[in-house]
Amino acid sequence: MNYNPWKPADGKRLRHWGIQPEARYWFCEPFRRTFIGVHAHYADFNVGGWPDWPFISENMQNNRYQGHLYGGGVSVGYSWILGKR
């Protein structure tokens with residue numbers, strides 16, 4: 001989960017909350033070695049009015065975006081045991 005309730009000054013907005021649940025299948029025992037997973041995303045956002053930084057598009061500077069984000073995906077991973085605890 002993530003949550004950002006702050007309202008920066010000067011009309012800027014970067015407010016959002018989101019959730020990303022995931023279900024995993026472990027091929028060995030849980031939390032050891034290889035796994036596959038499926039996950040979903042949902043978020044509400046209100047973003048806009050940011051300055052002229054090189055990594056921010058012009059649209060983000062001049063417009064405000066508000067709405068919902070939906071998505072999903074699959075994951076594959078491997079867990080290494082670094083120590084006994």
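A nonpolar patch is made of residues with over 30% relative accessible area and no salt bridge, with nonpolar side chains joined within 5 Å. Keep that rule in mind for this predicted model. Here, Met1, Tyr3, Trp17 and Ile19 make such a patch. The area of this nonpolar surface patch is about 520 Å².

Trp17 sits in strand β2, which covers residues 13-19. Its relative accessibility is 35%, so Trp17 counts as partly exposed. The cut-offs explain the label: buried means under 20%, exposed means over 50%, and partly exposed is in between.

Trp17, Tyr42 and Tyr70 form one aromatic cluster. Rings pair if their centres lie within 6.5 Å. By this rule there are six aromatic pairs. In one of them, Tyr25 and Phe27, the ring centres are 5.1 Å apart and the planes stand at 85°, so the pair is edge-to-face. The angle decides the name, because planes over 60 degrees apart count as edge-to-face. A pair of aromatic rings is described by the distance of the centres and the angle of the planes.

Now move to strand β4, residues 33-48. His39 is found in this strand. Is His39 buried or exposed? Its relative accessibility is 16%, so His39 counts as buried. Look at what His39 touches. Leaving aside residues up to four places away in sequence, its contacts are Gln20, Pro21, Glu22, Gly72, Gly73, Val74 and Ser75.

Next comes the backbone. Most residues other than glycine have a negative phi. Which way does phi of Phe31 point, positive or negative? Phi of Phe31 is near 65°, a positive value, and Phe31 is not a glycine. Phe31 lies in the loop between β3 and β4. With 60% relative accessibility, Phe31 counts as exposed, because the cut-off for exposed is over 50%. Arg33 also has a positive phi, of about 70°, although Arg33 is not a glycine. Arg33 has its place in strand β4.

Finally, consider confidence. The chain averages a pLDDT of 85. Of the residues, 93% score at least 70. Among the elements of the chain, strand β3 (residues 22-26) has the highest mean pLDDT, 95. Helix α1 (residues 58-62) has the lowest, 72.

Methods
Residues are numbered from 1 along each chain as its sequence is written. This is a predicted model: local features need pLDDT of at least 70, side-chain atom pairs count only at pLDDT 80 or more; totals for chains, interfaces and linings use all residues. Side-chain values use heavy atoms; hydrogens and water are left out. Helices (H or I, at least four residues) and strands (E, at least two) are DSSP runs, numbered from the N terminus. Buried means under 20% relative accessible area, exposed over 50%, partly exposed in between (1.4 Å probe, protein chains only). Contact means heavy atoms within 4.5 Å. Patches are made of residues with over 30% relative accessible area and no salt bridge: like charges are joined within 9 Å, nonpolar side chains (Val, Leu, Ile, Met, Phe, Trp, Tyr) within 5 Å. Accessible areas come from the Shrake-Rupley method with a 1.4 Å probe; for residues, only the protein chains shown count as cover. A salt bridge is a side-chain nitrogen of Lys or Arg within 4 Å of a carboxyl oxygen of Asp or Glu. pLDDT is the predictor's confidence in each residue, from 0 to 100. Rings of Phe, Tyr and Trp (its six-membered ring) pair if their centres lie within 6.5 Å; planes under 30 degrees apart count as stacked, over 60 as edge-to-face and the rest as tilted.
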